[in-house]
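Please look over the sequence and the model shown here before reading the report.

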Amino acid sequence: MSSHGCVLGKINVVICDDSITNVLVMNEMLKTIDMDLNIISLTDPRKVMAELECDVMLVILDLEMPYLSGYQVLEQIRESYSSDELPVIVVSGLSDQKSHVKALKGGANDFISKPFNEYELKLRVVNQLNIIKAFRLQSHLNDELEKRVQLRTLELELATEFLINKLAIVAELYDENTGKHILRVGKYSGLLARKCGLNEQVAFMIEKAAPMHDIGKIMISPDILKKPGKLSVDEFSHMKTHVDSVRQLFDDHPSMMIQMAKSIAIHHHEKWDGSGYSKGLKGEAIPIEGRIVGIADVFDALTTKRPYKEAWTFEDSIAYLKNQSGIHFDPDLVDIFVASTPEIKAIQEEYKDD
């Protein structure tokens with residue numbers, strides 16, 4: 001009879017029967033199985049759970065024992081391990097069907113009546129060990145597949161994020177704004193998204209997609225984009241088409257990041273009172289990502305120098321947001337943005353223009 005305790009690299013099997021004779025008989029029978037078994041022999045049912053803390057693949061459990069019955073031990077086992085994770089074979093001198101059913105309902109995988117038939121015992125043990133080995137192999141393969149899927153998904157997300165950033169930079173260079181503008185807008189948007197209670201996944205996507213808000217400007221005439229003075233009515237009408245051109249650029253790409261960027265680009269010029277473009281949406285009919293980036297974009301435009309204007313002070317820019325709260329901007333989001341002044345200033349400092 002082998003000593004107590006699991007052995008690495010072996011198939012650990014726990015036998016618990018208050019009869020030392022029964023334990024010895026089962027040990028001798030199982031020795032001839034063509035598997036690398038390590039038998040952990042117990043006569044005290046109170047010690048079973050402690051032995052399961054290592055890698056046990058099968059428990060053979062007597063039903064009639066002192067201190068704890070086999071039913072009670074089985075209940076303890078099933079509180080921690082499912083029947084797939086750790087099979088249990090119940091052995092008993094009780095041959096009535098009621099005992100069999102009670103054990104199986106309690107989570108036993110199989111039932112053997114005493115006295116033992118050597119071939120039946122070995123066959124049932126081998127069957128359960130083959131099942132648990134197959135289950136563990138399948139679980140391992142599933143885990144490996146899941147890891148590969150997650151890695152592939154991450155690679156695609158990183159590639160999408162990379163392309164979004166590059167396209168955003170192209171749009172900004174075309175518009176002759178600074179590359180830092182898109183970084184700040186992204187950071188402001190991510191901050192505001194988190195502060196207003198959106199979950200981390202959505203806030204992350206808004207932060208990463210926000211730099212694409214003006215990608216449609218690559219479809220606008222450079223003469224209009226770079227005009228130092230105020231645009232004429234016709235020129236401004238042409239400028240507004242940069243929102244609609246996003247639909248042509250992105251179409252219905254399945255990437256959630258691309259869809260987020262598309263929504264932001266289309267909706268960030270909408271206004272709370274319905275006077276914005278391109279759809280003239282009003283209030284909460286404007287997707288929240290559009291409302292968030294609309295505030296971030298305008299604030300950054302105010303605080304930086306542009307071909308048509310000098311930079312406003314931080315205080316004047318905040319005052320403008322407050323003044324336009326409920327008119328241009330979502331008032332709740334303006335309140336959150338204004339209350340985040342320390343974080344806003346930190347982003348300004350970290351991503352200031354060269």
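Residues are numbered from 1 along each chain as its sequence is written, and side-chain values use heavy atoms, with hydrogens and water left out.

**Confidence.** The predictor's confidence in each residue is given as pLDDT, from 0 to 100. The protein chain has a mean pLDDT of 87, and 92% of its residues reach 70 or more. Helices (H or I, at least four residues) and strands (E, at least two) are DSSP runs, numbered from the N terminus. Where pLDDT is low, the predicted coordinates should not be read in detail.

**Nonpolar core.** A nonpolar core is a set of buried Ala, Val, Leu, Ile, Met, Phe, Trp, Tyr and Cys residues joined through side-chain atoms within 4.5 Å. Buried means under 20% relative accessible area, exposed over 50%, and partly exposed in between (1.4 Å probe, protein chains only). The largest such core holds 40 residues, and Ile295, Phe299 and Phe337 have the most contacts inside it. Several helices each supply at least two residues of this core, including H6 (179-195), H11 (288-303) and H13 (331-339). Contact means heavy atoms within 4.5 Å. Leaving aside residues up to four places away in sequence, Ile295 touches Leu192, Leu321, Phe329, Asp330, Leu333, Val334 and Phe337.

**Pocket and cavity.** Both are found on a 1 Å grid over the protein atoms alone: a cavity is a set of points where a 1.4 Å probe fits but cannot get out, and a pocket is an open set with protein on both sides within 12 Å along at least five of seven lines; lining residues have an atom within 4 Å of a point. Grid points are joined across faces, edges and corners, and a volume is the space filled by probe spheres set on the points.

The largest pocket has a volume of about 1,000 Å³. Its lining has 32 residues, and Phe236, His269, Tyr277, Ala301 and Tyr308 are the closest to its centre. H11 provides the largest share of this lining, 5 residues. By type, the pocket lining divides into 13 nonpolar, 10 polar and 9 charged residues. Here Ala, Val, Leu, Ile, Met, Phe, Trp, Tyr, Cys and Pro count as nonpolar, Asp, Glu, Lys and Arg as charged, and the others, Gly among them, as polar.

The whole structure has 1 cavity of 30 Å³ or more. The largest cavity has a volume of about 70 Å³. Among its 13 lining residues, Glu270, Gly290, Arg291, His328 and Phe329 lie nearest the centre. H11 gives the most to this lining too, with 4 residues.

**Backbone.** Most residues other than glycine have a negative phi, and most peptide bonds are trans.

| Residues joined | Omega |
|---|---|
| Lysine 114 and proline 115 | about -5° |
| Tyrosine 277 and serine 278 | about 20° |

Proline 115 is in the loop between strand S5 (110-113) and helix H5 (118-175), and serine 278 is in the loop between H10 and H11. Tyrosine 67 has a positive phi, near 70°. Tyrosine 67 is exposed, with a relative accessible area of 58%.

Terms used:
This is a predicted model: local features need pLDDT of at least 70, side-chain atom pairs count only at pLDDT 80 or more; totals for chains, interfaces and linings use all residues.
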